[in-house]
4 protein chains.
Amino acid sequence: MMHNHEASSPSVLLVGARGYAGQELARLLLAHPSARLEFCLKSDDAAFRLDDYVSAPGADAVETLAPGQLDAHAGRFQVAFLATPAEVSVELAPRLLAQGCKVIDLSGAFRLAPEQASSVYGVRSALLSEAEYGLVPFAKGKPARLIANPGCYATSILLALIPLLRAGLIEPETLVIDAKSGATGAGRKAAERLLFSEVDGECTPYKVAGHPHHPEIVRFAGQFAETVIDPTFTPHLLPIRRGLLSNLYARTRPGVTGARIAEAYAEAYSHYPLVRFGAFAEGGLSWRRIEKSPDCEIRYSLERGKLSVFSLIDNLMKGAASQALENFNRLLGIPPETGLPSSLGEIKISKEGIS
Amino acid sequence: MMHNHEASSPSVLLVGARGYAGQELARLLLAHPSARLEFCLKSDDAAFRLDDYVSAPGADAVETLAPGQLDAHAGRFQVAFLATPAEVSVELAPRLLAQGCKVIDLSGAFRLAPEQASSVYGVRSALLSEAEYGLVPFAKGKPARLIANPGCYATSILLALIPLLRAGLIEPETLVIDAKSGATGAGRKAAERLLFSEVDGECTPYKVAGHPHHPEIVRFAGQFAETVIDPTFTPHLLPIRRGLLSNLYARTRPGVTGARIAEAYAEAYSHYPLVRFGAFAEGGLSWRRIEKSPDCEIRYSLERGKLSVFSLIDNLMKGAASQALENFNRLLGIPPETGLPSSLGEIKISKEGIS
Amino acid sequence: MMHNHEASSPSVLLVGARGYAGQELARLLLAHPSARLEFCLKSDDAAFRLDDYVSAPGADAVETLAPGQLDAHAGRFQVAFLATPAEVSVELAPRLLAQGCKVIDLSGAFRLAPEQASSVYGVRSALLSEAEYGLVPFAKGKPARLIANPGCYATSILLALIPLLRAGLIEPETLVIDAKSGATGAGRKAAERLLFSEVDGECTPYKVAGHPHHPEIVRFAGQFAETVIDPTFTPHLLPIRRGLLSNLYARTRPGVTGARIAEAYAEAYSHYPLVRFGAFAEGGLSWRRIEKSPDCEIRYSLERGKLSVFSLIDNLMKGAASQALENFNRLLGIPPETGLPSSLGEIKISKEGIS
Amino acid sequence: MMHNHEASSPSVLLVGARGYAGQELARLLLAHPSARLEFCLKSDDAAFRLDDYVSAPGADAVETLAPGQLDAHAGRFQVAFLATPAEVSVELAPRLLAQGCKVIDLSGAFRLAPEQASSVYGVRSALLSEAEYGLVPFAKGKPARLIANPGCYATSILLALIPLLRAGLIEPETLVIDAKSGATGAGRKAAERLLFSEVDGECTPYKVAGHPHHPEIVRFAGQFAETVIDPTFTPHLLPIRRGLLSNLYARTRPGVTGARIAEAYAEAYSHYPLVRFGAFAEGGLSWRRIEKSPDCEIRYSLERGKLSVFSLIDNLMKGAASQALENFNRLLGIPPETGLPSSLGEIKISKEGIS
């Protein structure tokens, strides 16, 4: 048989499979040794078949639920992935949790404090207090039943930043972030500004001083590194399909060396294989090489007390789908990289059991 | 003063200035020595200023009409350009004509015979019988008050094809057309299939055996060259912003030489400066060189009785806006190239009077 | 262990690993269950490490031979892949064969008849008479010790064409081919015409009536379908990295139906899983979906006796590297798809033995 | 006649017309009312015709000098433009100056202090001491006979930076610069890293802490604003043909407001029309709108003492060719914008005399 899922694998529901992150998630779930992707929820009553959107073995066997069928079926799923807009997530999550289904949400709905969630995403859920922010290498203890999967910019930035802040290597108030994202980061929305004829040939800043991931970065730098930051954060949309590069600039504290930087990352990621780091070398960072990889590539350059850190991810993988799978693996108590393609193109399959 | 329009220049209305062809048309009209672009019609009651969409001297002085104001003002315009969908054009054209305003329509609404217009564009106007197809080098006599500006594919194809058919150089039943268009050819519609993330990296046939320009090509090959054709016509959308290349393949009649081909084009365009032609040479066709040019570049290659003709235009200029200006010039009785940038980057200004 | 190669797998040499096809080939060979990629030959004495060019498990363990070391080591390899220019291939192939090493050559050096090889590629090898053209589904009998891997355009065209010719469905003299290739098809040559600033925004015909794959197509249509053809063949270079689409246009013979077309393909590929075919449907062909796939996707449309066939491949896979692996599998006597990613993203691993 | 050059216009020599900046320069010179582009110098004895590279009226009339003919003809030119590599410029400039020809050099050869020129560009000319840095709005007094045209990154950065430093609005030591350039900025060199297949899909930092424009920025911030700076400067190459965006980030001095920023720019550019500035607004910066424009667009955003300044130019115009024309106009004593297309698409022609 094509599927090698263990019989005891949890049954999974995916919502939002038409979107770019949702497609990627479906592809990964179908290949995962410890997941049984059984159903997709569609957004309306129109016909929908997963294999029209996802070319992967098993896609044709996934069934589709219409919106009205959700409550009747929710009890059969152990885990649901929501690759949906925030307003859909706040509506679906409580219905799923009520039936004992754990939820991994890819929207921003459950990432911020209540007042911020309202102003940034226009939603406010009673579940905010119990949601856990799923930045896997820094998550601790028993996972919550509702996991907020980090945003793409926030992921690339926090993975580069937290080790530096924890080790006290930079002056937090000097932090400047200039980030560049592939166009899939804006989602599969039929918006005029995302047309080929608009995006091609352009690279300009957007949501300057107002991007929704800014408060997310500030909040979790505080939570994971106990440091107050208030960086300049300028995102750009590029004429590239996928990939995301965040450049972090900061002054180091006196006496900090390149070796100290390396040490901080080595310490932070000693037990986590999905971050690679090192000193920057010309030609050493490639968006294409990170494509479809679950890794984050971090490179740094230190010149006379001025630190530049370049953090590169695939926005649809580490910035969305593969990180959601890492959180799924946490729920199961298996290594984060289980079922993910390695940065070297190989599927690593965990032999361990399922919680 | 920035504007050198002669005082007696006709007053012009533009509808559809937000679209890609409309923007180009506004830019050209503002630079035209014998046009006074005075008003744009907007599609709803939202705020609209032409200079938000068009960076050109004089754009800030163009006034905006709301839909409800049209009939009250239509009498003041001598010429209206409709860069609108077919269903809008069929609604506006009679109202404008009723007030004595001439109309140049860039949609497909008035290009086909009645039964075809219905099935292809879903519209059918009583004005079809009086509309004139504005393929300028082949238009003759006094221009009609309603001009149907040719479609972008049809323009590139008919300009290459008609001289060959008229001179009887090819076997019409062997004609095959493979065409490639830049993404602006699909317009500024917020459609999912036109997103950067969809178009980038793709080049696939679309509307195979069903493109609306197919009956247009057949009809006017018949009308201008008295030849029945029924070609295979396969358009493709490319990850390029602008430009359009049509490749025509056909068998030549016995004894036809390259010199005969050249002669046919020379004869057809002896009095028309906006087609350039010659034998194909490697590297001799460039989409970038034709950008913003009103020209059509035709190159041919003849091998053992098999003719390939490559016809290249800027889809937004020759395929839409600059050709509409040529039709405007016809209405005024001045040379077609008046007020248009030359293929060599220069604005040629006619010294002749206005009809 | 990362490598699951059976101990008895043949030892493999790769020449030309820096090029785009070579990189792809290295990646596939490292993942192949029945190959041991042990050495790369470099082109000069500069430092070279495969893992600088290829991110794949095992790349760091592949050793490098300098040119002067080849003869001393050639005896240890069972199979060599030459992803090299024709002039290098004609020099290396006899030296390898002399030591009992089989050769799969990706250049054009061994594809044509002697007089054509001279005029098209400027080389002429005494080995031409014994080289076998490795178009796998049509290759028969015991494989030769020297295999000429088909060209990218020729592959996409012949796979679509041979079944039609064999079944006598089209009029061969009406055949017209318009093909479009991604830029990697031109190789990793530092040539001005291949610069981003030259390729971006352009799509123009090149090598019109003179592409090296033209005689290859004619020769093997003759050999595999016993039909004389002399098509118009016009290739284009696109601003897309990888992928290749060939459109074939022809008149069908009287009475031919779509069902007959389908039947011809079904018959030709009943025992060969790496061609997929069907009637053309809007949106049904995607360059991105075929990326890194070893498949050829064929879609056809028949209108009033005029047939259009669209044949899509990944130029670096089916058009080069994965097809070379298919030929390797033939040498081993195992199914052609062994060790190749399926079109559905899965590695299919043959359980059969090795010859 | 097509050319309206006044009879007394200086005779001009162009060297390097094949390159991207050189082509642009030829196009502008041919349209300039006070220049007579009479000769191009070619780099070797191969055939060369300007109109093979430049489509502009008059290109066919420009004659070509072979390298060996330069000294015999140099006396007839009043001004020479060198769009050449630094090592060619240092060789040609003294020969031209010796014959009384003024020189505008687009390379880096004459921009730096002697020791820097050696280490950065590998050249050291005795002329360095007399070369003038041609950043037009800040150049003063009688122009030198040898003008070093500023680099593309340096232009975009210094135009945004000098007014802020002069007005004392920012803390210079907090300056961080993150810049993005179109691929033509790297020139028309047949280099592997500039191939379409390499550049497409990538956006990575290069020459981190080592770009040749870094010392140029530091030197002229010092010279024009009497401020010592040592910024982090990170350039990126984008999959876009032309355009260049530099983002400057800095802390403002206490009490600085947006109004103060605007005032500083208004003061600096009160007599210079080719910089436009204003507060950043979403969607307000467009690479496409600045294409072929001689302007620099500056937008700023100030949040809680953190200033972001976005400076956008066409790298081939303001960053090379049109700025060289501004320097030519300075030599003639006519307004800087003479003969340049305006940002609004219009050619502004000075009526003033020629020095």
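Trainee: How many residues from chain A and chain D does the contact take?

Mentor: Contact means heavy atoms within 4.5 Å. Here the contact takes 40 residues from chain A and 40 residues from chain D. Keep in mind that this is a predicted model, where local features need pLDDT of at least 70 and side-chain atom pairs count only at pLDDT 80 or more, while totals for chains, interfaces and linings use all residues; side-chain values use heavy atoms, with hydrogens and water left out. Residues are numbered from 1 along each chain as its sequence is written, and chains are lettered from A in the order in which they are written.

Trainee: What area is buried between chain A and chain D?

Mentor: Buried area is the accessible area (1.4 Å probe) that two parts lose on being put together, summed over both. For chain A and chain D that comes to about 3,300 Å², with 50% given by carbon and sulfur atoms. A:E202, A:Y249 and A:R288 supply 15% of what chain A buries against chain D, more than any other three residues.

Trainee: And how many salt bridges are there between chain A and chain D?

Mentor: A salt bridge is a side-chain nitrogen of Lys or Arg within 4 Å of a carboxyl oxygen of Asp or Glu. The count between these two chains is eight. One to look at joins A:R304 and D:D230, with the closest N and O atoms 2.8 Å apart.

Trainee: Which element gives the largest share of the side of chain A that touches chain D?

Mentor: Helices (H or I, at least four residues) and strands (E, at least two) are DSSP runs, numbered from the N terminus. Elements giving two or more residues to this side include β8 (176–181), α9 (287–290) and β13 (296–303) of chain A. The largest share, four residues, comes from β11(A).

Trainee: Let's turn to chain C. How many residues of chain D are in contact with chain C?

Mentor: 20 residues of chain D are in contact with 20 residues of chain C. The two chains bury about 1,800 Å² between them, 52% of it on carbon and sulfur atoms. On the chain D side, D:E192, D:F196 and D:S197 supply 39% of the area buried against chain C, more than any other three residues.

Trainee: Which side chain does D:E192 meet in a salt bridge?

Mentor: That of C:R18, at 2.9 Å from N to O. The rule finds six salt bridges across the interface of chain D and chain C. Helix α6 (residues 196–199) of chain D gives the most to the side of chain D that touches chain C, with four residues.
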